Amino acid sequence: MSRTLSRTVRAVVAVVAVVTVAALAACGGTGPGGGSGGSGGAVTVFAAASLTDSFTRIGRDFEAANPGTAVVFNFAGSSALATQIDQGAPADVFAAAAPTPMDTVTRAGNADGEPAVFVRNQLVIAVAPGNPAGVRGLADLARPGLKVALCAEQVPCGAAARRVLDAASVTLTPVTLEQDVRGALAKVRLGEVDAALVYRTDARAAAAEVAAVEFAESAGAVNDYLIVVLADAPHPDGARAFVAYVRSAPARAVLAGAGFQSP
Amino acid sequence: MTPAATDPAAGAPVRTRRRPGRVPVALLVPATLGLVFLVLPVAGLLARAPWATLPQRLADPAVLTALRLSLLTATLATLLCLLLGVPLAWLLARVEFPGRRVVRALVTVPLVLPPVVGGVALLLVFGRRGLLGEWLDSAFGLTLPFTTTAVVLAEAFVAMPFLVIAVEGALRGADPRYEEAAATLGAGRWTTFTHVTLPLVAPGLAAGAVLCWARALGEFGATITFAGNFPGRTQTMPIAVYLALETDLEAAVVLSLILLTVSVVILAGLRDRWLTGP
């Protein structure tokens, strides 16, 4: 009786151990960058969410230009990515949508060399197609009754919005301070707000559902995108090749097509 | 799990003494692993907490505003869930009607729906151009998105299934003969419900309400999507935590600890009161 019980116990313990190890291994394998599982020699790029469309294309072009190499992406908010990198995520390249998250990574000693500005982005006013509210410039956003979404000041698009509004001395009370630029854009797409300050690239990506109103003050809050090879890169050579490719003519053409400006 | 073996005449639940004997290792090991797995991340938060700057962060009016809003909206959402969810649970447990299985499955949908999608769904119904929202706007000049009401609705949408499932489970576990006895003694269905059924399922109801409140308190995705984020109006603690994470990991840790402490204190306090009786 007691022998059967102890055998059962041992079996249960073994199962628990196996399941735990398997679960941990699975987590590692499917985590950002693919970890050790499957991705082999792939270059892991942590890139700002706003680079999703263009970097996916650039990654494919890079793989085509360099047979045998592979690139995998982890797209998220730059600050979240910076936190992941500083907590030891196995990444090769970091492309941030603003200097602040890049500074976090450099200060923690996780960057290999100086980050380089590779593109710039600036704000436009996103409105419903046909601009039914008749928004012509920044000052119109302060009109009573007009519902405006901004990004929260903690995220780059919100900081940029604060800078342009302050510079233009426009005071407005937004109905919401969104967690990221896509959130602000979604509120315009759904018709919940009349206007939102978003990046030109985001407005262009959603061109079917939103119209972009350019405004002069936007030049006062241009956002620098930086890219760097990481100090603990598992594939430093591939990482350097990818960064070089991002700054080459074909990649610049893709980025320009998405609405980014050259530095 | 435990059969409804309590004697209704005794009022307070009977505490059965644990049988002597060793705890089987086959249960102890996974139980300990489970506990460690749940507690360790909280320990990680505690380890990273900047204790030195804690007092000044606690006194930050922005933090208190978010905390107050969170407690208020979670409580209102729980009340809304009780008001609508308990009758729904009763219907599912006690009334035979065609399509009951489908209705029961529908009730659990918000559980599996990613909360952000839930928020979009709420916008599509209650938004300015939503199915009902457009009518609310034109008929009453009422727009829900970006209001505190929207926060309550988003939290209730996500949390109600927890309450309904818990209460329905309790109702199915409760012996219907007590209700039948009440009916034989001349009580109507409503009287039976309020005087027999509800007291019978009180522990399940309390557990469901606690789960519901806790889920509402932690709600993030549906809230930020449907209600947006504006300090004092729709910025709840989880949203404040998320935004703090963008710039200041320590601030995010502090905010999380405040939310955790407050909720644990409230839940522990309520639980003792509800489950041990006066």
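Does N131(A) count as buried, exposed or partly exposed, and how many C-beta neighbours lie inside 10 Å? With 16 such neighbours, N131(A) counts as partly exposed; a residue is called buried if 20 or more other C-beta atoms, placed from the backbone, lie within 10 Å of its own, exposed if 12 or fewer, and partly exposed in between. N131(A) sits in the loop between β5 and β6 of chain A, where helices (H or I, at least four residues) and strands (E, at least two) are DSSP runs numbered from the N terminus. Its phi is near 50°, a positive value in a residue other than glycine.

The model examined here is predicted, with local features needing pLDDT of at least 70 and side-chain atom pairs counting only at pLDDT 80 or more, while totals for chains, interfaces and linings use all residues. Residues are numbered from 1 along each chain as its sequence is written, and chains are lettered from A and ligands numbered from 1 in the order in which they are written.

F146(B) is buried, with 24 other C-beta atoms within 10 Å.

The UniProt record (unreviewed entry) places the feature "transmembrane region" at residues 25-47, 67-93, 105-126, 146-171, 192-216 and 251-270 of chain B; UniProt positions follow the numbering used here, feature names are shortened, and annotations may be inferred rather than shown by experiment. Over residues 146-171 of chain B, the model is 92% helix and 0% strand, with the end C-alpha atoms 37 Å apart. Residues 251-270 of chain B are 100% helix and 0% strand, and their end C-alpha atoms are 29 Å apart.

The two chains meet through 19 residues from chain A and 20 residues from chain B, a contact being a pair of residues whose C-beta atoms, placed from the backbone, lie within 7 Å. On the side of chain A that touches chain B, two or more residues come from each of α1 (2-30), α3 (78-86) and β7 (176-178) of chain A. The most come from α1(A), which gives five residues. By class, this side of chain A has nine nonpolar, eight polar and two charged residues, with Ala, Val, Leu, Ile, Met, Phe, Trp, Tyr, Cys and Pro counted as nonpolar, Asp, Glu, Lys and Arg as charged, and the others, Gly among them, as polar.

Within chain A, an automatic or database domain assignment gives domain 1 (37-119 + 224-257) and domain 2 (123-221). Their centres, taken over C-alpha atoms, are separated by 28 Å. Seven residues from domain 1 of chain A and nine residues from domain 2 of chain A take part in the contact. The domain 1 side has three nonpolar, three polar and one charged residues.

Helix α6 (residues 181-189) of chain A is largely enclosed by the rest of the structure, because eight of its nine residues are buried. Among them are V181(A), L185(A) and V188(A), and also R182(A) and K187(A). The cover over these buried residues includes β5 (123-127), β6 (148-151), α5 (156-167), β7, β8 (195-199) and α7 (200-205) of chain A. Just after α6(A), G191(A) takes a positive phi of about 80°.
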